[in-house]
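I am opening my notebook on a new structure today. Here is what I want to look up, one entry at a time.

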Amino acid sequence: MTAHTSSLSSGVAAVSSAARVSVEAPCGRLSLRARGDLSALEGALGLALPRKVGGRAAAGELQALCLGPDEWMLHAPLAAVSGLVEACAGVYGALPHSLVDVSGREVSFQISGPRAAELLTLGCARDIDTIAVGEGRRTLFDGSTVILWRDAADSFRMDVWNSFASHLLHLLEVGVRELAAEAL
Amino acid sequence: MSNYRVSGRGRVDTARPISFTFDGKTYRGAKGDTVASALLANGVHLMGRSFKYHRPRGAVAAGSEEPNALIGTRRGPGRFEPNTRATVQEIWEGLETTSQNKFPSLKFDVGAVNDAAYMLFSAGFYYKTFMWPRSFWDKVYEPFIRAAAGLGVSPKEEDPDHYASRYLHCDVLVVGAGPTGLAAARAAAVGGLKVVLVDENAEAGGTLLSEPQARIDGRPAWDWLTAELAALKELGVKIMTRTTAIGYYHQNMIGMVEKLTDHLPALPADTPRERMWRVRARQVVLAQGALEKPLVFHGNDRPGVMLAGSAQTFLNRYGVLVGKKPVVITSHDSAWYAAFDLQDAGAKVQAIVDIRGTVSEALLSGARSRGITVKLSHTATGTSGRLRVSSLRVNPVTNGAVGAGEEISCDAVLMSGGWTPSLHLFSHTKGSLAWDDDRTTFLPKDTPEDCVIAGASRGLWGIAAVLADGAEKGRAVAEALGQTPAPAAAQAVEGDRTGSGVSMTELPTDRSPGKAKAFVDYQNDVTAKDLRLAVREGMRSIEHVKRYTTNGMATDQGKMSNINGLNIAADALGKKQPQVGLTTFRPPYTPTTFGAFAGYHRGGHFEVTRKTQIDSWAEEHGAVFEPVSQWRRAWYFPKPGEDMDTAVRRECVATRKSVGIFDASTLGKIEVVGPDAVEFMNRMYTNPWTKLAPGRCRYGLLLGDDGYIRDDGVIGRLSEDKFHVTTTTGGAARVLNMMEDYLQTEWPDLNVWLTSTTEQWSTIALNGPDAAKLLAPFVEGVELTEDAFPHMSCVECTVAGLPARLFRVSFTGEIGFEINVRAHEGRKLWETLWEAGQQYGITAYGTETMHVLRAEKGYIIVGQDTDGTVTPYDCGMGWAVGKKKPDFVGMRGLARPDLVAKGRKQFVGLLTEDKSRLEEGAQIVFDPKQAIPMKMVGHVTSSYLSDTVGQPIALAVIEGGHERMGETVYIPMPDRIIAAKITDPVFVDPENTRLKI
């Protein structure tokens, strides 16, 4: 494989005593938009869609994060994408909706470690403490739109669009070093 | 003789001596010293020259309000900072500092000739002197003013430090860690509230650091302070020192700058020099304290003349006597205590001179018991001494009459004109102020923010009073946050120095006030006489007086001068101060580096540089890049020895001859899905979409509601309910936002959703007569023939084994395809096509060739050929406007009288008579012989060399251009006038025969 400056390879990007940032392996991503009685879609997906913005649900390897009153981000294994698309297409007549494959659009960083939440304060204006474990938010990091998934008190995933990834990763790398250099 | 350090006093560690240099000479200080305290410990008062008159100056204060002692600091290459306050900069081993604004030396400065000529430099001097002739301004006056005035020298090297920023959320932010702030933080730290306490100083404590005589709850002030800080940490309070709250912004957003390394002898790795904190606090307690006012009298700026409270700070905090024979001149009780402290530390106070006729018996007996001479009802009328004060002239005042003067020999003058509450941050909140006649000062009134102000910053005086007020305000904010804090017992304070004073304008004098150099603003060299002159010359508002005299406009933003300036201006006007007004406090509170504002955004991180998945291939193949909005795009691919023109001509010719390959991934892409997708498209774009069959594409034109072109792009209908919309590269985010805006606010009834797929796809464009031949073998699912897949078709298929969306479109006039594959597969497909294309001599081309090829076909580029005032009709694209549609965005705008009027600028082609290439942006006239200024009738929007046409081509907008085909117009240039013929903008293959496979 050629190393491409414009696409990141998965693996650990930065690590210190404060935090660790790694690039996750590609996964399937679907943007879902729908309104009204969602039961047909929920049947097709095999998952009860969370209704509260920021709320999450999971069924097996399928995860859903509610981003807006009619909007969800779904994560699933790459191999599962075509099946999900087909299943939802099957209920389009009953419940018209938009399900767009955005697997190629984004990459995710995993941000973990004792000061992971603090690392996010370098670029995120919202109060990280208000994102409960097991929730997520669409927000801005260093001026770019990202989705944050809080998987544990000290573990986050950050979904970013490909072309913003190296810029944002650079700030995270600087922050990982800066936090570690701080005397607490 | 030169040692002014007092053993057993101060918080500096004399066991840890530190050497630093000032103007090349090495001095010794102690750990904990600032440059100012260390120089004063060595008997050095002369630290700088003033801004306008180049008068010798020394430190007048001990903190960040210092106007005079501004120095340059250096720490190796690139690490030079001008205008640093010597009273703030902590010393470390090897620190290099220099004085400013002097030539050739601080002690002998030729610029001081300005001082002798001071009568010339009165208020409004620049405006009066440098008016005529106008032509002299740029070349003579302004350079002269800039050279003559000014402070430090701008650094010229790149700053090697790095700067950081963070966001911080807390329940309570307390600004100022003096007794008020400490008490407020303590009271608010209940029920798990997150409390942050910040202070600009190197250590917390505020006035307690200067008042070790006080005992709080039976403990000496410093012991109490140590215990209190430990208790606050225990309660989880975040205490931040060397951190200045620089500005108070909307909804309790406070900007704070933390200085992390300026005090360190060695720079730690990975540590920024400064960090900007953007704090969002639910409640804010402002406890910034008060600043002492100078007295305004002739010679009040001589080195050695300083604020009494600052002298007390230098003694008690730094263990330094600012003089061994000080004299005190005051209108406030506080200076008496400074005199007592200095006397007790071994100085011989020459006299305490008070403007007031009566003072408390306690003060008088304090002076008496120490054997200090007291002179009440006296004024100060002058000082002497060249580089250091050597005497103070005082005169008795009886019933307003100034008696004979008496010189008091001294080596320092400690003055106090009272104290001004610090209302800076409070005023940033748009807080209203109320004038307090008794105290002759403004006090805080109401603020729209969730903010309270406590202690000396609201006019209270004395440690016991501010501790109680701080605690009360701390409890109040905790209650506002739903807590029920326990009532705290009042803390007993012994040795509290309560007191009061009167406020003065200029001190009365027996000499001509017109000749007095009685300074109000030290940093900008503004005297009382200047302020009175400004009023005599007609300035009525303090805002005008300020601008005319520059009072309060220096880097200290009038911390010392504003109130004295106001009092004098009000007196001159015969009005009350509130009627004259107070100038606005603006952030930042103290001078702040550009680095702190820039934070991480410098160098490569200055701005996002977006790259496509194919960018790396372009880089490896020698592409030259250009920025297009946030993207960097391959501009052209020069072969060795080729310049831009040569490379672009080769790329153009090769594409028209065989096949060219182009990375179009940056084009915006939006997936429009839902039962109402077609209705949405009909309303959004000018074109009709209902009859567009799935599998077909159409060029779409997007207008603003004003009827002007905003964006364009080819749109494919993938199924009844699904459109693949493309936008311009720069318009992608804007167009999606505009669509969402209409959808959410105007048409929420439509069942349709928009998803950005710009980055889902890598988009490769193949163009040229061999494009179909090259691509066909890789495509499964559709035959690339004229019948099966005609121009303007789209299909979901497989290309080189990859799932793809294939479009047959052309932005070049050649047979063209755009292949969309999942983003990360883009480079793989590119390489496959590149390899297979070798047999056709495939050529990679960049954005410049793309621009030329489309211009040869007369295709517009939105934002280049249009500028936000161009309609579809102006562009000759009336065909793209659906005539039978009931409505679309911009339809009503298009009907406006001006948009249907004759003589609008219209889009045309231009061919120059002399076959020269026109300059883009050049103006066009009909008659080159008319008088200047000529009537400009349009301009060149695009211009290129064109081998296909055989001469350079240009596109332009010209008044009534569509009716003027074949006419000659003129483009006046600096060296000549170029004639050009108006043509149709389609230069190549107007019949579109080349599009056919």
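Why is strand β6 (residues 71-76) of chain A largely enclosed by the rest of the structure?

**Before I start.** I am working with a predicted model, where local features need pLDDT of at least 70, side-chain atom pairs count only at pLDDT 80 or more, and totals for chains, interfaces and linings use all residues. Residues are numbered from 1 along each chain as its sequence is written, while chains are lettered from A and ligands numbered from 1 in the order in which they are written.

**Entry on β6(A).** I looked up burial and have my reply: β6(A) is largely enclosed because 5 of its 6 residues are buried. I note the cut-offs: a residue is buried if 20 or more other C-beta atoms lie within 10 Å of its own, exposed if 12 or fewer, and partly exposed in between, with C-beta atoms placed from the backbone. Strands (E, at least two residues) and helices (H or I, at least four) are DSSP runs, numbered from the N terminus.

Next I looked up the partners of β6(A). Two strands pair if DSSP finds at least two bridges between them. I found β3(A) running antiparallel to β6(A), joined by 6 bridges, and here Arg29(A) stands opposite His75(A). Strand β5 (residues 62-68) of chain A is also antiparallel to β6(A), with 5 bridges. In that pair Ala64(A) faces Leu74(A) as its opposite residue, and a hairpin of 2 residues links β5(A) to β6(A).

**Entry on the domains of chain A.** Which domains did I find in chain A? There are domain 1 (11-26 + 105-181) and domain 2 (28-101), with bounds from an automatic or database domain assignment. Their centres, taken over C-alpha atoms, are 25 Å apart. Domain 1 of chain A brings 9 residues to the contact and domain 2 of chain A brings 8; two residues are in contact if their C-beta atoms, placed from the backbone, lie within 7 Å. On the domain 1 side, β9 (136-141) and β10 (144-152) of chain A each give two or more residues, and β9(A) gives the most, with 3. That side holds 3 nonpolar, 2 polar and 4 charged residues.

**Entry on chain A meeting chain B.** How many residues of each chain are in contact? I got 32 from chain A and 37 from chain B. On the chain A side, β3 (28-33), β7 (98-101) and α4 (162-181) each supply at least two residues, and α4(A) gives the most, with 10. By class, I wrote down 11 nonpolar, 14 polar and 7 charged residues for that side.

**Entry on two helices of chain B.** I looked up α7 (residues 308-318) and α8 (residues 334-344) of chain B: their axes come within 8 Å and cross at roughly 35°. Axes are lines fitted to C-alpha atoms, for helices over the stretch in contact, and angles run from 0 to 180 degrees between N-to-C directions. Among the residues that meet are Ala311(B) and Leu315(B) in α7(B), and Tyr337(B) and Leu342(B) in α8(B). The contact of α7(B) with α8(B) has 7 nonpolar, 4 polar and 1 charged residues.

How values were computed
Ala, Val, Leu, Ile, Met, Phe, Trp, Tyr, Cys and Pro count as nonpolar, Asp, Glu, Lys and Arg as charged, and the others, Gly among them, as polar.
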